Amino acid sequence: MATQTELAAWVREAVATVRVTDMHTHLFPPSFSALQVSGADHVLTYHYLIAEAMRVGQLSSTDFWDLSAPSQADWIWEQLFEKTTPLSEAALGVVQIAQAFGVNLRTEKLAGLRAKLEPTATDTYANHVLDLAGVDSVVMTNDPFDEIERRYWEQGTPRNRRFHAALRLDVLLNDWPRAQVYLSNTGYHVGPELGEVDMAEVRRFLKDWVAKIKPVYFAFSAPDTFAFPEDTVRGRLLSDAILPVCREQRLPLALMIGVRRQVNPHLRSAGDSTAKASMLPIEALARRYPENKFLVTFLAREDQHELAVTARKFGNVMPFGCWWFLNTETLVSEISNMRLELIGPTFVIQHSDARVLEHVIYKWRRARKVATAVLTNKYQQLQEAGWDLTREDVDRDVNQLFSQNFWDFVQR
Ligand code: FIX
Ligand code: ZN
């Protein structure tokens with residue numbers, strides 16, 4: 001039987017060295033140059049930090065948005081790193097990114113970070129950053145309704161193979177008038193009414209995009225009021241277009257539930273919030289469509305227990321990650337413990353949601369730290385009960401949680 005010290009070392013090493021699949025990010029490969037985001041100014045102007053800086057500084061939101069990007073970064077720096085101590089998750093993250101690049105932020109300040117991080121990433125730099133984070137590959141968020149992005153795909157832009165595609169359907173499901181106009185303008189005969197013929201055109205649109213970008217899943221985010229089934233445009237698009245195409249293509253649908261967009265529009269990208277949602281739509285989807293696969297995450301802490309219970313009932317439901325406001329040390333620890341207790345190591349432990357390339361460094365460092373503590377504790381209990389754990393067990397579990405569970409689910 002391994003000693004407690006040996007066991008702790010096995011977990012530490014397995015978690016430190018596991019090659020992660022980051023299954024939800026907002027990153028793009030360097031070849032999508034207008035969309036690729038990296039560098040110190042972007043790290044500082046992350047919307048998490050904008051919201052926090054606004055609490056400290058006396059600038060009106062209008063004045064903030066009028067500033068150039070470097071001036072916004074300077075202002076956020078002053079609020080969160082000069083006037084206050086960077087104790088929040090996001091602010092600590094900046095310090096950790098700096099540390100990974102050998103920058104002492106206390107003495108070198110923002111200028112030190114600007115000197116080391118590349119605002120225009122090359123593939124070499126992107127690979128370097130992913131390697132620093134121990135991330136094998138990332139899944140992007142690809143919006144077929146974004147004009148700029150569409151051009152990259154239509155031109156067949158080659159891309160770094162560590163960036164997988166995911167087809168994001170928020171516009172289709174949450175803003176039908178805009179989607180309808182866009183579809184009509186791009187060669188799909190879709191009227192506002194959404195009859196049988198229009199629905200067939202939506203399916204053709206989805207299949208064309210599958211052929212074009214080869215996504216590993218479809219995804220959408222929905223408000224806390226999300227309901228299913230329902231006789232609305234969203235309900236019908238789901239049942240008559242998205243789910244059939246997912247079945248045919250054997251693709252999971254990722255549902256990200258509980259976001260209340262723009263509760264404070266003055267904050268723009270930082271103005272979204274969270275609210276408790278219902279699990280009933282997930283149950284209905286999983287029960288009615290056993291041939292479909294659902295990757296599911298909820299934004300409210302209050303929904304996490306029900307989600308884990310729902311995953312016990314339906315093998316076609318895969319809980320993933322601790323999303324956005326839940327991605328804090330305290331909550332990831334609580335949620336991961338609860339998931340392990342209710343469904344064992346059969347979920348996706350985390351995704352980074354990185355918007356800026358360098359984010360993967362601190363987000364995965366945090367995820368690994370929490371996972372090490374959570375798993376060590378669970379394994380100790382198992383050994384105390386007489387289960388003779390091996391190093392191979394630990395390696396297998398860690399690999400499943402950080403990567404393999406996701407791929408097995410996508411490929412099954
Ligand atoms: O909808 C999403 O995928 C969210 O993750 C984002 O829209 C959000 O702004 C974010 O970056 C959260 O981490
Ligand atoms: Zn996201």
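A pocket is an open set of points, on a 1 Å grid over the protein atoms alone, with protein on both sides within 12 Å along at least five of seven lines. Ligand 1 sits in the largest pocket, where sitting requires more than half of its atoms to lie within 2 Å of the grid points. This is a predicted model, in which local features need pLDDT of at least 70, side-chain atom pairs count only at pLDDT 80 or more, and totals for chains, interfaces and linings use all residues. Residues are numbered from 1 along each chain as its sequence is written, and side-chain values use heavy atoms, without hydrogens and water.

**Ligand shell**
- Around ligand 1 (heavy atoms within 4 Å) stand His-24, His-26, His-47, Tyr-48, Arg-168, Met-256, Arg-261, Trp-323, Trp-324, Asp-353 and Arg-355.

**Polar contacts and burial**
- Oxygen atoms of ligand 1 make polar contacts (N or O pairs within 3.5 Å) with the side chains of Tyr-48 at 2.5 Å, His-26 at 3.0 Å and His-24 at 3.2 Å.
- The protein buries 96% of the 330 Å² that ligand 1 exposes when taken alone, by the Shrake-Rupley method with a 1.4 Å probe.

**Domains**
- An automatic or database assignment gives domain 1 (1–35 + 118–140 + 327–411), domain 2 (39–116) and domain 3 (166–214 + 216–319).
- Ligand 1 lies between domain 1 and domain 3, because both give residues to its shell.
- The C-alpha centres of domain 2 and domain 3 are 34 Å apart.
- Their contact (heavy atoms within 4.5 Å) takes six residues from domain 2 and five residues from domain 3.

Notes. Chains are lettered from A and ligands numbered from 1 in the order in which they are written. A polar contact is a pair of N or O atoms within 3.5 Å; within protein, one must be able to donate a hydrogen and the other to accept it, and residues adjacent in sequence count only if both atoms are side-chain atoms. On a 1 Å grid over the protein atoms alone, a cavity is a set of points where a 1.4 Å probe fits but cannot get out, and a pocket is an open set with protein on both sides within 12 Å along at least five of seven lines; lining residues have an atom within 4 Å of a point.
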